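Colleague: I have some questions about how you label things in this model. Could you take me through them with the numbers?

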Amino acid sequence: MSTKQSATFYIFHGDDGLSITEAVKKLRTQMGTDSNAELNISEFDGTSASVPEIINAVSSYPFLADKRMALVKGLLTHITRKGAGETGKRALQQLAESLPTLPEYARLILIEQQNIPDNNAAMKVALSDPHGYVKKFTTPKDITRWIKQRAETDYNVQIDNRAVSALAAVVGNDMRLADNELVKLASYVEQDVPISEADVATLTPYVPEANIFKMVDAIAEGRGQLALELLHRLLSDKNQNPFSIFSMITRQFRLLLLAKEHLITGGAPGSIAGAIGVSAFVAQNLARQSRAFDVPELERIYRALQDYDFRMKIGGIKPDLALDLFIASVTG
């Protein structure tokens, strides 16, 4: 759906917060860049502002400008939440009745960080009224493709496939974080030189999580020496401590166990992401790594990690030693 010039109210909703922010920024830019524009823009927290307050603000005649804008975050989610009761129902009805009556110069933008159903009263109005506009923003299923396209299209820089995979491994499905890292990487590399995996390792403070993937690969392959080398590379990073590394390893094996159980009970590899709440990229790695283990083995590893965790917390063993012993026990 393309943006209508005559739209007076908008509903931007979904889990892709980065794209929502960019869409709002584009509309805000259309208000102008001088001080008069800012005088005609109001921002509201939908969890505390009332519908009459918001409608009154966006309906007030513009001051030395041709439009009045109100940005409202989380209003629909708040007034339709469980427990909102009759107060929420009245607020939603009031909003739905007010939207079609907004003056031509009004620009009301309702910003929701989750999906709003089409049967929501305000959504019904926005979908049917010629002055309403609705757009749903959904996080892409393939973060790797998004990273590559974002680098090339928005930042005019190439990024090689290993760098894409490394960055995807450390940002998960957090597109805002991925974009922040791409900004740094694009500024770091020389003109016409692609972003490399080494650049990601140099600039991204989240690389330990990517190395955890490599360590688990080494464990799955029975390559104990390589797993230990990767471990000590992580331990040598002054920004990391053994407890956080241990926590990341435990999380990875917990996800592997969940993925394996999903697969052996008939779940498809393509549905791992939704079943256990991880990004598509992480799910692909889990599906691949889980083939090297059976459920009893993963359960044994996970119990061993819990045992080491308990012993570390009571001071019965030093974290560095616990990590060494763990890798030796699962690769020996």
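Colleague: Why is Asp142 called partly exposed?

Modeller: Its relative accessibility is 28%. Buried means under 20% relative accessible area, exposed means over 50%, and partly exposed is in between (1.4 Å probe, protein chains only). So 28% puts Asp142 in the partly exposed class. Before we go on: this is a predicted model, where local features need pLDDT of at least 70 and side-chain atom pairs count only at pLDDT 80 or more, while totals for chains, interfaces and linings use all residues. Residues are numbered from 1 along each chain as its sequence is written, and side-chain values use heavy atoms, with hydrogens and water left out.

Colleague: What makes Arg145 and Asp142 a salt bridge?

Modeller: For that label, a side-chain nitrogen of Lys or Arg has to be within 4 Å of a carboxyl oxygen of Asp or Glu. The closest N and O atoms of Arg145 and Asp142 are 3.9 Å apart, so the pair passes the 4 Å limit. Arg145 itself is exposed, because its relative accessible area is 61%. The structure holds 13 salt bridges.

Colleague: What about Glu22 and Arg150, how far apart are their closest N and O atoms?

Modeller: Those atoms are 2.3 Å apart, and the pair forms a salt bridge. It links distant parts of the chain: Glu22 sits in helix H1 and Arg150 in helix H7, 128 residues apart. By helix I mean a DSSP run of H or I with at least four residues; a strand is a run of E with at least two, and both are numbered from the N terminus. There are 17 helices and five strands in the protein.

Colleague: Are Glu22 and Arg150 buried, exposed or partly exposed?

Modeller: Glu22 has a relative accessible area of 34%, so it is partly exposed. Arg150 has 9%, so it counts as buried.

Colleague: Which side chain does Lys184 meet in a salt bridge?

Modeller: That of Glu181, at 3.1 Å from N to O. Both residues lie in helix H9, three residues apart, about one turn of the helix. An α-helix has 3.6 residues a turn, so residues three or four places apart point the same way. Lys184 is partly exposed because its relative accessibility is 36%, while Glu181, at 3%, is buried. Elsewhere, salt bridges that share partners join Glu22, Arg150, Asp154 and Asp179 into one network.

Colleague: Why is Asp179 called buried?

Modeller: Its relative accessibility is 9%, so it counts as buried. Asp179 lies in helix H9. Not counting residues up to four places away in sequence, it touches Leu18, Trp146, Arg150 and Tyr155; contact here means heavy atoms within 4.5 Å. The buried residues of H9 also include Met175, Leu177 and Ala178. As a group, the buried residues of H9 pack against helices H1, H7, H8 and H10.

Colleague: How do you know that the length of helix H9 agrees with its number of residues?

Modeller: The expected span is 1.5 Å times one less than the number of residues. For the 14 residues of H9 (175–188) that gives 20 Å, and the end C-alpha atoms are 20 Å apart, so the two agree.

Colleague: What makes Glu112 buried?

Modeller: Its relative accessibility is 0%, so it counts as buried. Glu112 lies in strand E4 (residues 106–112). Beyond its neighbours within four places, its contacts include Phe12, His13, Ile20 and Thr77.

Colleague: And what joins the side chains of Glu112 and Thr77?

Modeller: A polar contact of 2.5 Å. The label takes a pair of N or O atoms within 3.5 Å; within protein, one must be able to donate a hydrogen and the other to accept it, and residues adjacent in sequence count only if both atoms are side-chain atoms.

Colleague: What is worth noting about the phi of Leu64?

Modeller: It is near 55°, a positive value in a residue other than glycine. Most residues other than glycine have a negative phi. Leu64 is found in the loop between helix H3 and strand E3, and it is exposed because its relative accessible area is 60%. Asn156 also has a phi near 55°. Asn156 sits in the loop between H7 and H8 and is exposed, at 71%.
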